[in-house]
Amino acid sequence: MTPFAEAVRKLRARKGVTQKQMAAALNVSPAYLSALEHGKRGVPSFDLLQRIAGYFNIIWDEAEELFLVASSSDPRVVVDTSGLPPEYTEFANRLAKRIRSLDSGDIARLSALLENGGKVDGKAS
């Protein structure tokens with residue numbers, strides 16, 4: 001599941017609607033909405049994001065958060081390492097091969113490293 005899918009499921013639960021009801025209201029197929037919620041589709045279009053925000057009648061701040069979550073929810077990420085040193089390409093490929101075996105603690109540590117600009121506990125790594 002993607003972060004966007006999780007957000008949409010929470011919105012649906014809050015409103016008490018099914019995927020089928022939501023799909024009909026948004027004029028998309030239930031299969032498409034299901035695939036989107038299960039991470040089988042990429043990032044939805046801006047038009048669809050606007051329709052979703054309108055459907056749930058969410059305020060601007062919440063809509064903006066939904067749009068940000070959607071932008072980081074593509075389940076098929078491409079990492080362009082062209083022009084970078086070989087170790088960057090090697091790292092990206094190793095991560096792609098091993099991402100499924102990482103646990104939530106590993107992900108949290110890697111996320112913290114990225115958030116801190118490569119610094120661990122305030123020290124350059």
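**Salt bridges and a surface patch**

Tutor: In this predicted model, Arg-9 and Glu-37 form a salt bridge through their side chains, with N to O at 3.1 Å.

Student: Which parts of the chain does that pair link?

Tutor: Distant ones: Arg-9 is in helix 1 (residues 3-15) and Glu-37 is in helix 3 (residues 30-37), 28 residues apart.

Student: Is Glu-37 buried or exposed?

Tutor: Glu-37 is buried, because its relative accessible area is 2% and buried means under 20%. Arg-9, at 27%, is partly exposed.

Student: What does Arg-12 pair with?

Tutor: Arg-12 meets Glu-37 in a salt bridge, at 2.8 Å from N to O. Arg-12 lies in helix 1 and Glu-37 in helix 3, so this pair ties together parts 25 residues apart in sequence. Arg-12 is buried, with a relative accessible area of 13%.

Student: New topic. Which residues make the nonpolar patch on the surface?

Tutor: Phe-91, Leu-95, Ile-99, Ile-107 and Leu-110, with about 400 Å² of accessible area together. Helix 6 (86-98) and helix 7 (104-115) each give two or more residues to the patch.

Student: And what does UniProt annotate at residues 8-66?

Tutor: The unreviewed UniProt entry has "domain: HTH cro/C1-type" there. Over residues 8-66 the chain is 69% helix and 0% strand, with the end C-alpha atoms 8 Å apart.

How values were computed
Residues are numbered from 1 along each chain as its sequence is written. This is a predicted model: local features need pLDDT of at least 70, side-chain atom pairs count only at pLDDT 80 or more; totals for chains, interfaces and linings use all residues. Side-chain values use heavy atoms; hydrogens and water are left out. Patches are made of residues with over 30% relative accessible area and no salt bridge: like charges are joined within 9 Å, nonpolar side chains (Val, Leu, Ile, Met, Phe, Trp, Tyr) within 5 Å. Accessible areas come from the Shrake-Rupley method with a 1.4 Å probe; for residues, only the protein chains shown count as cover. A salt bridge is a side-chain nitrogen of Lys or Arg within 4 Å of a carboxyl oxygen of Asp or Glu. Helices (H or I, at least four residues) and strands (E, at least two) are DSSP runs, numbered from the N terminus. UniProt positions are given in the numbering used here, feature names are shortened, and annotations may be inferred rather than shown by experiment. Buried means under 20% relative accessible area, exposed over 50%, partly exposed in between (1.4 Å probe, protein chains only).
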